[in-house]
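Subject: Handing over the structure, with notes

Dear colleague,

I am passing this structure on to you, together with some notes on what was found in it. Please have the sequence and the model open while you read.

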Amino acid sequence: MSFAQKKSSSLPSTEERRRFQRVKVHLLGRYMLPDRREFPCQIINMSPGGLALLAPGIGNVGDRVIAYLDHIGRVEGKITRIIDNGFAMTVGATARKRDKLAAQLTWLANRDILNLPEDRRHDRIVPRNPIALLTLEDGSKMTCRIMDLSMSGAAIAAENRPPVKSLVMLGKVQSRVVRNLDEGFALEFVHEQTPETLEDAVTAR
């Protein structure tokens, strides 16, 4: 699953859904309205250009909203319409940030479609130092970027993709390639890691 963007010089609310493909996601988060009230929320669908959420506190069309979403981080935009028990809003972002959002949403959508167990067992984080060294089955090495990781696996951004099911080493952690992503591939660790040593282990050289 990937996101297609049509060329357009602007992003009015009536065009947003046509420019970006929305996917169903189930993400929790918090958001703040212009009066600085904060509420918990659940995202029900999202694209790199907008999202719809279930929310107890509903503002007015045109209100600016700042939201902090699990797996996504900080997003902000304006309310475009009111829906049952919530609202829809735009996502204001640079082209680079939209590309990153597209990659994150593709990964999240594929995770849900494939019903992957490691993503339900552990929360995923973005490491402080995302650059790591990957050793392939043939002994060759390549530098890669860790998009996110948990105690049981990681999503890797890289130009070259090792074969699915091949064994690799992410830093000092033996891993198996489980699927391809738009920007790279996903790994499952052969042995579950511990929170205290996880980041040091995967970025070890």
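This is a predicted model: local features need pLDDT of at least 70, side-chain atom pairs count only at pLDDT 80 or more; totals for chains, interfaces and linings use all residues.

Residues are numbered from 1 along each chain as its sequence is written, and side-chain values use heavy atoms, with hydrogens and water left out.

The barrel

Six strands close into a barrel in the order 1-2-3-6-5-4, with antiparallel pairing; the twist from one strand to the next averages 45°. Strands here are DSSP runs of E with at least two residues, helices are runs of H or I with at least four, and both are numbered from the N terminus, while two strands count as paired if DSSP finds at least two bridges between them. For the angles, axes are lines fitted to C-alpha atoms (for helices over the stretch in contact), and the values run from 0 to 180 degrees between N-to-C directions.

The nonpolar cores

A nonpolar core is a set of buried Ala, Val, Leu, Ile, Met, Phe, Trp, Tyr and Cys residues joined through side-chain atoms within 4.5 Å; buried means under 20% relative accessible area, exposed over 50%, and partly exposed in between, with a 1.4 Å probe and protein chains only. In the largest core, which has 31 residues, Tyr31, Ile43, Met46, Leu51, Leu69 and Ile72 touch the most other members. Strand 1 (23–32), strand 2 (38–47), strand 3, strand 4 (64–69), strand 5 (73–83), strand 6, helix 2 (95–114) and strand 9 (153–157) each supply at least two of its residues, and the largest share, five residues, comes from helix 2. Another core, of 19 residues, lies apart from this one and includes Val173, Leu187, Leu198 and Ala201. As general background, nonpolar side chains tend to be buried together in soluble globular proteins.

Leucine 51, leaving aside residues up to four places away in sequence, touches Arg22, Ile43, Asn45, Met46, Leu69, Val75, Phe87, Ala88, Met89 and Val91, where contact means heavy atoms within 4.5 Å. Tyrosine 31 is found in strand 1 and counts as buried because its relative accessible area is 1%. From C-alpha to C-alpha, tyrosine 31 and alanine 67 are 4.0 Å apart in space, although they are 36 residues apart in sequence. The side chain of tyrosine 31 also reaches the backbone oxygen of glycine 57 at 2.4 Å.

Salt bridges

The structure holds five salt bridges, each being a side-chain nitrogen of Lys or Arg within 4 Å of a carboxyl oxygen of Asp or Glu. One of them joins the side chains of arginine 37 and aspartate 35 at 2.7 Å, N to O; arginine 37 is partly exposed at 41% relative accessibility, and aspartate 35 is partly exposed at 46%. Arginine 74 forms another with glutamate 76, the closest N and O atoms being 2.6 Å apart, and Arg64, Arg74 and Glu76 are linked in a network of salt bridges.

Arginine 128 forms a salt bridge with glutamate 199, with the closest N and O atoms 3.6 Å apart. Since arginine 128 lies in the loop between helix 3 (118–121) and strand 7 (131–135) and glutamate 199 in helix 4 (residues 198–202), the pair ties together parts that are 71 residues apart in sequence. Arginine 128 counts as exposed at 72% relative accessibility, whereas glutamate 199 counts as buried at 16%.

Threonine 135

Threonine 135 lies in strand 7 and is buried, with a relative accessible area of 17%. Its side chain makes a polar contact with the side chain of lysine 141 at 3.1 Å; such a contact is a pair of N or O atoms within 3.5 Å, where, within protein, one must be able to donate a hydrogen and the other to accept it, and residues adjacent in sequence count only if both atoms are side-chain atoms.

Best regards
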